[in-house]
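Trainee: Please take a close look at one single residue of this protein with me, and show me how it sits within the whole.

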Amino acid sequence: MSTNIDHIKEEHHHQPSGLMRWITTTNHKDIGSLYLWFSLLMFFIGGFMALIIRAELFQPGLQLVVPGFFNQMTTMHALIMIFGALMPAFVGLANWQLPMMIGAPDMALPRLNNWSFWILPFAFTMLLSTLFFESGGPAAGWTLYPPLSLQGGNSMPFVIFSLHLLGASSILGAINVIATILNMRAPGMTLMKMPIFVWTWLITAFLLIAAMPVLAGAITMLLTDRFYGTSFFTAAGGGDPVLFQHIFWFFGHPEVYILILPAFGIISTIIPAFSRKKLFGYDSMVYATASIALLSFIVWAHHMFTVGMPLAGEIFFMFTTMLIAVPTGVKVFNWVATMWRGSMTFETPMLFSLAFIILFTIGGFSGLMLAITPADFQYHDTYFVVAHFHYVLVPGAIFAVIAAVYYWLPKWTGKMYNETLGKVHFWMTTVFVNITFFPMHFVGLAGMPRRIPDYAVQFTDFNMIASIGAFGFGLSQLLFVYILFQTLRQPVTAADKSWEGAEGLEWTLPSPAPYHSFDTPPKVD
């Protein structure tokens with residue numbers, strides 16, 4: 001009988017090698033790594049598209065690309081950065097950390113976990129393939145507004161199908177996160193004892209489940225307008241193009257918080273560690289995160305102040321948008337209060353976190369400016385808006401992902417990265433990100449429209465500065481890749497406490513779970 005049990009255990013722990021290991025894995029750590037490597041690849045593809053945009057805008061006139069291809073680049077850059085770089089990166093971090101943080105052996109639904117990742121490469125292959133169509137890729141902006149998205153070549157149905165697949169992946173991942181957190185916490189870990197990163201992901205998962213089907217509905221209606229004779233958004237048939245904007249932004253604004261709430265959780269983890277203090281105001285952080293999530297569903301039309309909505313609607317959306325600044329301000333206050341009189345050190349993850357707080361707050365302030373309806377009439381569709389959301393998403397979300405990788409890499413691999421190179425990467429990235437996006441405030445306030453490949457000569461100087469900054473920022477990320485590979489190639493060196501002298505930063509060498517660790521062998525009588 002014991003021989004039979006040993007045989008079952010041996011079969012159960014048999015681990016495929018090579019490519020099959022990664023294709024069939026249900027281990028949350030493997031899947032987290034797949035998500036992170038995939039997001040890094042997409043980050044560079046989307047970044048390359050951004051550099052094409054900035055190269056064209058280096059000086060006025062048409063230099064490198066035709067206007068149609070320029071519009072394809074602006075559309076694809078946004079779709080790839082949002083759905084391909086940022087969201088998979090945060091899901092990868094969740095896969096790695098959530099089970100370890102709540103004391104679970106793996107995610108609740110490991111096979112679903114595998115499937116929700118492997119949808120992504122196929123979806124993005126389809127999305128990128130549209131650039132090679134005779135008619136070209138999508139050129140309607142990432143918002144896909146009709147009538148632009150109802151015209152043109154054959155790429156739009158492929159884009160819509162790929163977005164459906166990406167939405168399905170996100171929803172499956174969110175279900176998995178919720179099931180894991182609500183059902184698999186260690187005994188004694190109540191909800192209000194969970195790490196703040198777990199809380200931010202729980203709330204983000206509910207946002208994903210609520211928001212992604214709305215996008216699916218909007219783009220399906222686009223599809224039926226184009227191919228099945230409906231008139232949801234076609235004015236000639238009695239439809240209304242503005243209806244699409246309402247539906248899209250009912251998804252789109254919660255999506256912005258899907259991209260930033262996990263970043264809040266990361267910063268709330270790193271700041272206390274390097275301040276040697278507990279997070280100030282844990283309960284208020286949880287309530288602030290939940291408040292932001294709820295408010296994000298009632299502010300969508302601040303993207304649409306110029307469509308001619310009633311005055312009462314404009315006032316409502318103006319005040320609710322300003323209201324979101326309150327819980328966000330609570331978070332920033334708590335981070336600063338955590339650092340206050342703490343025993344701070346400035347390792348690379350802490351530097352990225354500090355830059356996050358300062359630069360994200362700049363993005364928040366410009367967001368408040370955009371919330372003021374009469375001012376927004378002037379700012380709308382200018383480069384001021386581009387500056388605003390890039391200050392939120394680049395030194396916001398992307399800095400948080402980079403900080404998390406530096407912070408948890410010793411935990412994941414048992415190997416310590418080169419701290420000096422990490423700091424060089426930080427300073428290059430931070431300097432160039434400001435050189436890139438800060439001048440956009442000025443050209444935007446002066447009236448330069450976005451998504452246009454040409455511009456008036458008075459905007460030349462600031463555009464040259466921004467383009468130089470963009471290429472500097474892109475090249476800086478090659479150093480990040482070098483640091484990662486240099487770290488992974490070295491022998492195991494990270495001690496139990498990798499951060500020298502950092503009391504309270506508890507580290508242990510990683511102990512990989514058995515392959516398919518969540519599957520249990522059948523009982524034998």
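**A histidine in its surroundings**

Mentor: Of the 525 residues in the protein, 56% count as buried, where buried means under 20% relative accessible area, exposed over 50%, and partly exposed in between, with a 1.4 Å probe and protein chains only. Keep in mind that this is a predicted model, in which local features need pLDDT of at least 70 and side-chain atom pairs count only at pLDDT 80 or more, while totals for chains, interfaces and linings use all residues. Residues are numbered from 1 along each chain as its sequence is written, and side-chain values use heavy atoms, with hydrogens and water left out.

The protein has 15 helices and 0 strands, these being DSSP runs numbered from the N terminus (helices H or I, at least four residues; strands E, at least two). H441 has a relative accessible area of 8%, so it counts as buried. If we leave aside residues up to four places away in sequence, H441 touches S366, F384, A387, H388 and Y391, where a contact means heavy atoms within 4.5 Å.

Stepping back to the whole chain, among contacts between residues at least 6 apart in sequence, 82% join residues at least 24 apart. The C-alpha atoms fill a box of roughly 75 × 55 × 45 Å along the principal axes.
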